Amino acid sequence: MTYAVRYYTKTGNTKRLAEAIANVLGVEALPISAPVSEKVDFLFLGNSYYAFNIDREVRDFVHSLDKNKVGKIVNFGSAAMLNSTFKKVKAEADKVGIEMFDKEFHCKGEFKAFHKGRPNEADLKAAADFARSIMQ
């Protein structure tokens with residue numbers, strides 16, 4: 001299996017998760033400004049809610065993907081208030097004909113006074129374990 005990790009972050013929380021996942025997969029975690037030029041079986045895509053939606057840059061990134069190069073998108077991320085962005089990312093992936101992996105990773109993320117220190121070491125370990133589970 002081949003893997004790539006891309007992420008979008010405004011606070012650094014999702015980048016930390018991306019690095020933990022990429023370390024397990026043996027690839028580099030790159031921001032979504034880095035295109036996916038190689039063929040991959042699984043594209044791990046890190047993102048979060050901003051103003052109750054995924055950021056326009058995430059939507060544009062998904063629309064830039066070549067369905068002949070990306071097997072499945074694996075969603076992961078953190079957020080202070082809302083949980084999963086899965087449905088929002090899936091709606092965009094459906095538009096370009098890329099399948100979403102049916103499992104995702106999500107944890108709380110620090111934002112202002114909420115969830116201080118998150119993602120923490122336990123969250124990073126859980127993200128790494130999630131990546132390992134997909135490799136099996």
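Guide: This is a predicted model. Val89, leaving out residues up to four places away in sequence, touches Leu45, Asn47, Ile54, Ile73, Asn75 and Met100.

Visitor: In which helix is the place of Val89, and is Val89 buried or exposed?

Guide: A residue counts as buried when its relative accessible area is under 20%. Val89 lies in helix H3. Its relative accessibility is 0%, so Val89 is buried.

Visitor: How many Å separate Val89 and Leu45 in space, C-alpha to C-alpha?

Guide: Leu45 is one of the residues that Val89 touches. In sequence, Val89 and Leu45 are 44 residues apart. From C-alpha to C-alpha, the distance between Val89 and Leu45 is 9.1 Å.

Visitor: Are helices H2 and H3 roughly parallel or roughly perpendicular to each other?

Guide: Two packed helices are described by the angle between their axes and the distance between the axes. Helix H2 covers residues 56–64 and helix H3 residues 86–96; their axes come within 8 Å and cross at roughly 30°. Angles under 35 degrees count as roughly parallel. H2 and H3 are therefore roughly parallel.

Visitor: Which residues make the contact between H2 and H3, and how many of them are charged?

Guide: H2 passes H3 in a right-handed crossing. The contact is made by Arg59, Val62 and His63 of H2 together with Glu92, Ala93, Lys95 and Val96 of H3. By class, this contact of H2 with H3 has three nonpolar residues, one polar residue and, as for charged residues, three.

Visitor: Which residues make the contact between H1 and H4, and how many of them are nonpolar?

Guide: H1 passes H4 in a right-handed crossing. H1 contributes Arg16, Leu17, Ala20, Ile21, Val24 and Leu25, while H4 contributes Asp123, Leu124, Ala127, Ala128, Ala131, Arg132 and Met135. By class, the contact of H1 with H4 has three charged residues, no polar residues and, as for nonpolar residues, 10.

Visitor: With which residues is Ala131 in contact, leaving aside neighbours within four places in sequence?

Guide: Ala131 has its place in helix H4, and its relative accessible area of 0% makes Ala131 buried. Ile21 is 110 residues from Ala131 in sequence, yet the two are 5.7 Å apart in space, C-alpha to C-alpha. Leaving aside neighbours within four places in sequence, Ala131 is in contact with Ile21, Val24, Leu25 and Phe44.

Visitor: How many aromatic pairs does a search of the whole structure find, and is the pair of Tyr3 and Phe42 stacked or edge-to-face?

Guide: A search of the whole structure finds five aromatic pairs. The ring centres of Tyr3 and Phe42 are 6.0 Å apart and the ring planes are at 20°, so this pair is stacked. The pair links distant parts of the chain, with Tyr3 in strand E1 (residues 3–7) and Phe42 in strand E3 (residues 40–47), 39 residues apart. Tyr3 and Phe42 are both buried, and the arrangement of their rings is stacked.

Visitor: Is the pair of Phe44 and Phe130 stacked or edge-to-face?

Guide: The centres of the two rings are 6.4 Å apart. Phe44 in strand E3 and Phe130 in helix H4 are 86 residues apart, and their pair links distant parts of the chain. Both Phe44 and Phe130 are buried. Their ring planes are at 80°, so the pair is edge-to-face.

Visitor: Which residues form one aromatic cluster?

Guide: Phe44 and Phe130 pair edge-to-face. The aromatic cluster is formed by Tyr3, Phe42, Phe44, Phe101, Phe105 and Phe130.

Visitor: Is Ser78 buried or exposed?

Guide: Ser78 has its place in strand E6 (residues 70–79). Leaving aside neighbours within four places in sequence, Ser78 is in contact with several residues, including Asn13, Thr14, Leu17 and His106. At 2% relative accessibility, Ser78 counts as buried.

Technical notes: Residues are numbered from 1 along each chain as its sequence is written. This is a predicted model: local features need pLDDT of at least 70, side-chain atom pairs count only at pLDDT 80 or more; totals for chains, interfaces and linings use all residues. Side-chain values use heavy atoms; hydrogens and water are left out. A crossing is left-handed if the near helix is turned anticlockwise from the far one by less than a right angle, and right-handed if clockwise. Helices (H or I, at least four residues) and strands (E, at least two) are DSSP runs, numbered from the N terminus. Contact means heavy atoms within 4.5 Å. Ala, Val, Leu, Ile, Met, Phe, Trp, Tyr, Cys and Pro count as nonpolar, Asp, Glu, Lys and Arg as charged, and the others, Gly among them, as polar. Buried means under 20% relative accessible area, exposed over 50%, partly exposed in between (1.4 Å probe, protein chains only). Axes are lines fitted to C-alpha atoms, for helices over the stretch in contact, and angles run from 0 to 180 degrees between N-to-C directions. Angles under 35 degrees count as roughly parallel, over 145 as roughly antiparallel, 65 to 115 as roughly perpendicular and the rest as oblique. Rings of Phe, Tyr and Trp (its six-membered ring) pair if their centres lie within 6.5 Å; planes under 30 degrees apart count as stacked, over 60 as edge-to-face and the rest as tilted.
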